[in-house]
Structure formats: C-alpha cells, structure tokens
Amino acid sequence: MHKVTIDMEEIIIIDNALNNIDSIRERALLLNYTKSDNDSGGWKGYRCLEETHLGNEVIYSVLNKLPTFFKDMDYRCYFHYTLEETDSSNKIHKDSNSDYAGVLYMNPSPQPNSGTLLYDDRANVISSLDNIYNRLVIYPAHIWHSLNNSFGNDINDGRLTFTMFYSFKKKNINSII
C-alpha cells in the first residue's frame, strides 16, 4: 500500500490488492447485473445490486490491507461494468452519502485512460488514477471524480470494477429530554 497526497487529501493505492483476482473476476462475470436508469443522473452502466458472497469475500480481503479505522466503518459495494457505449454525460460527481469511495479495477487488459479522474472544485483534473488490473484506489468521497473512459462491447471486455463506499458508523445519541 502506498499513499499519495493530492490537494492535501490522502489517496490510498494498493497494487495486487487480491491474491485470487483471476478467480474473483471469473465469478463476477457470472453475476446478475442491472442496467442503470440513465435519466436518474446516478451511476452509469451495469451493477450487481444484490449482496453476494463474492462481494463479501472481496470486501473482507481488502479490509485486511487498509488502515485499521476502515474495519469499524459501514460499507456498500457493487460489481460494476461500463461499455464503450455507456452514456458518460454528467459523470463528474461526489459520493455524498459516504466518507470514502474505492474502486478495484478488474479487467486484465484495460484500455488506456480508463481509470478514475479526480477534480478540484472548478472541475479541473488534479489527478488521473490509472486503471491497472487488480489495483485498488480509495479516496475521500467528497472529492469530485469520474471514470475517465469506458471501453468494450460486453462484460467480458468492458471496464469491470468492484466499487466500494465506506461510511463512519453513526453513533446513537439518546436524549434525556
């Protein structure tokens, strides 16, 4: 694991994040994916929306490589793919319902410029995180970001990722009033 500081924010990059990435990828290709509703302005492409044993296997493998405070966070995660034809309008966004976001790149032969772009508040690119097979990148979710470019014709040759959202657990505060 190494950390990169960009605009005073720490970005975590872990190459060779999973020991069994080829097996995980093969199993991820067989999951059920739902096409996004492009009118919603939310995520683009296709996601596996159901919780799976495979997703839990990945998240727990990843947690062992992250700073310890991640172990006390809530998380949501999705296998996700986009294709060359995926609508990329309105793609710059923040993940306001999370504290951290992460992407594990899962295509062994990604196209150039298909990673994740980070932006400043004026939509200027401040960093380009490369799409490298089995690379995990985690960044504060309040940073503006987007996927750089999609590629491929189907799930087998498209931009396949495992997308993670981490949130600090909210404490229950009981009022005496």
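Biologist: Which residue does R27 form a salt bridge with?
Modeller: E57 is the partner of R27, and their closest N and O atoms are 2.7 Å apart. This pair links distant parts of the chain, with R27 in helix α1 and E57 in helix α2, 30 residues apart. A salt bridge here is a side-chain nitrogen of Lys or Arg within 4 Å of a carboxyl oxygen of Asp or Glu. Helices (H or I, at least four residues) and strands (E, at least two) are DSSP runs, numbered from the N terminus.

Biologist: What kind of model and numbering is this?
Modeller: It is a predicted model: local features need pLDDT of at least 70, side-chain atom pairs count only at pLDDT 80 or more, and totals for chains, interfaces and linings use all residues. Residues are numbered from 1 along each chain as its sequence is written, and side-chain values use heavy atoms, with hydrogens and water left out.

Biologist: Back to that pair. Is R27 buried or partly exposed?
Modeller: R27 is partly exposed, at 32% relative accessible area. E57 is partly exposed too, at 22%. The cut-offs: buried is under 20% relative accessible area, exposed is over 50%, and partly exposed is in between (1.4 Å probe, protein chains only).

Biologist: How many salt bridges are there in the whole structure?
Modeller: A search of the whole structure finds two. Besides R27 with E57, there is R135 with D15, at 2.6 Å from N to O. R135 sits in the loop between β8 (125–129) and β9, and D15 in the loop between β2 (9–14) and α1, so this pair ties together parts 120 residues apart in sequence.

Biologist: Is R135 buried or exposed?
Modeller: Buried, with a relative accessible area of 12%. D15 is partly exposed, at 33%.

Biologist: What about N134, where is it found?
Modeller: N134 is in the loop between β8 and β9. N134 is buried, at 4% relative accessibility. Its phi is near 70 degrees, a positive value in a residue other than glycine. N16 also has a positive phi, near 55 degrees. N16 is in the loop between β2 and α1, but N16 is exposed, at 56%.

Biologist: New topic. D95: what does its side chain make a polar contact with?
Modeller: The side chain of H145, at 2.9 Å. A polar contact is a pair of N or O atoms within 3.5 Å; within protein, one must be able to donate a hydrogen and the other to accept it, and residues adjacent in sequence count only if both atoms are side-chain atoms.

Biologist: And which side chain of opposite charge is nearest to D95?
Modeller: R47, and it is 6.6 Å away. D95 is buried yet has no salt bridge. For charge, Lys and Arg count as positive and Asp and Glu as negative, while His and the chain ends are not counted.

Biologist: Which residues does D95 touch?
Modeller: A101, A141, H145 and F165, leaving out residues up to four places away in sequence. Contact means heavy atoms within 4.5 Å. D95 itself is in the loop between β5 (73–82) and β6 (100–105).

Biologist: On to α2. Which of its residues are buried?
Modeller: In α2 (residues 53–63), L54, G55, N56, V58, I59, V62 and L63 are buried. They pack against α1 (21–28), β5, β6, β9 (136–140) and β11 (159–168).

Biologist: How many residues of β9 are buried?
Modeller: Five of the five, so β9 is largely enclosed by the rest of the structure. I12 stands opposite I138 in β9, and L104 stands opposite L136. Two strands pair if DSSP finds at least two bridges between them.

Biologist: What is the strand order in the open sheet of three strands?
Modeller: β8-β7-β10, with antiparallel pairing. β8 and β10 (144–147) are the edge strands, each pairing on one side only.

Biologist: How many bridges join β7 to β8?
Modeller: Four, and the strands run antiparallel, with β7 covering residues 116–119. L118 stands opposite S127 in β8, and Y119 stands opposite V125. β7 and β8 form a hairpin with five residues between them, and A123 in the turn has a positive phi of about 65 degrees.
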